[in-house]
Amino acid sequence: MVEMDPTALEIAPARFALSIVIPIYNGSSSIAELTAKLEELSIPGGHEIVPVTLVCLARNYGEHNAVMAGLRHASGAHVITMDDDMQNPPEEVQRLLAFAQRSGKEVIYTYYDNKRHTLWRNLASRFTNRVADLILDKPRGFYLSSFRCMSAFVVREISRYDGPYPYVDGLILQVTDDVDRLLVRHLPRAAGRSNYTLRRLLRLWMNMFVNFSVMPLRVSTMTGFVLSALGAIGGAMAVAEALFSSPPPGWASLFAAVLLLSGVQLLILGIVGEYLGRLYLTANRKPQSVVKEVLRSQPPLPAEGRPPRRMRERA
């Protein structure tokens, strides 16, 4: 395993106007059509396509880990990330890039009038963004889409992060608040089904909760204070009842209280344990991803006064 050196990520002249990073997992039914349509785009200054199946990882590390690996191989002045399911029409790439160049913003997120996901995915996305309003330093109600455009500066800065649990939007918002958004179309999925299961969504939520905020610890602390106050009040009431009246047996209420307090204590210990576990794995250099192979197909040098040809990464 070769460890990355974040300090080696220095400013270099952009070879292309645009790089497109596409994380792919079980995407054989759509990736050929998508890359063919992207290659047909006319981008002044040229563009390259960086699917992570071509930057071959040793195993499936997850979408955000794959995106981070792709960003490190991108060389455009702007970088657009998008999924391989054709739900974002390739022609919207040109609109997104033009808007980013015209606005001068460091990051442009996209949003949709009508998301063509399943009901549970839409509800999960809504929940994720509501929680991100509280945890991340982002404009309230700002939709965090995976179809986004970043400047080379933002890409370079977030690529310095080599921890094992990346959350791309959290990293972006730590680097800059110079963001804007653009309304784009969202189409039904071209083929197959989403690779996101409830388990993978829960893992993504944990990356956002634990890696980019201490709010869960603060909630645990406040919960402890509230339960301690309730326990003190309940203890005072029990003493008063014992002194001035005949207390009922109360085994059921006592049993329920013990279960409640024990459950909350275990939950708080679990949150603390999650933080400690991630610190342990980070200290032991758990890799963010391992690139197995990268083969590049270099285009010929462009003629004087003409933009460079488009390039695809091949492995």
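Author: Let's start with salt bridges: the count comes to 8, where a salt bridge is a side-chain nitrogen of Lys or Arg within 4 Å of a carboxyl oxygen of Asp or Glu. This is a predicted model, so local features need pLDDT of at least 70, side-chain atom pairs count only at pLDDT 80 or more, and totals for chains, interfaces and linings use all residues. Residues are numbered from 1 along each chain as its sequence is written, and side-chain values use heavy atoms, with hydrogens and water left out.

Reader: What makes Arg-95 and Glu-92 a salt bridge?

Author: Their side chains meet at 2.7 Å, N to O, and the cut-off is 4 Å, so the pair qualifies. The two sit 3 residues apart in helix H3 (residues 91-103), which means they are separated by about one helical turn. An α-helix has 3.6 residues a turn, so residues three or four places apart point the same way. Helices here are DSSP runs of H or I with at least four residues, strands are E runs of at least two, and both are numbered from the N terminus.

Reader: Buried or exposed: how do you classify Glu-92?

Author: Buried means under 20% relative accessible area, exposed means over 50%, and partly exposed is in between (1.4 Å probe, protein chains only). Glu-92 has 4% relative accessibility, so it is buried. Arg-95, at 40%, counts as partly exposed.

Reader: What about Glu-157 and Arg-156, why do they get their labels?

Author: The closest N and O atoms are 2.9 Å apart, which makes a salt bridge. Arg-156 comes out at 17%, so it is buried, while Glu-157 at 24% is partly exposed. Elsewhere, salt bridges that share partners join Glu-91, Glu-92, Arg-95 and Arg-185 into one network.

Reader: Why is helix H2 called mostly covered?

Author: In H2, 8 of its 9 residues are buried. Among them are His-64, Val-67, Met-68 and Leu-71.

Reader: What makes something a nonpolar core?

Author: It's a set of buried Ala, Val, Leu, Ile, Met, Phe, Trp, Tyr and Cys residues joined through side-chain atoms within 4.5 Å. The largest one has 34 residues, and those with the most contacts inside it are Leu-71, Leu-136, Met-150, Ile-158 and Ile-172. H7 gives the most to this core, with 6 residues. A second, separate core of 26 residues includes Leu-41, Met-82, Cys-149 and Leu-182.

Reader: Which residues is Met-150 in contact with?

Author: Contact means heavy atoms within 4.5 Å. Leaving aside neighbours within four places in sequence, the partners of Met-150 include Leu-71, Val-107, Ile-158 and Ile-172.

Reader: Where does pLDDT stay under 50?

Author: That score is the predictor's confidence in each residue, from 0 to 100. It stays under 50 over residues 1-8 and over residues 298-315. The chain averages 77, and 76% of the residues score at least 70.
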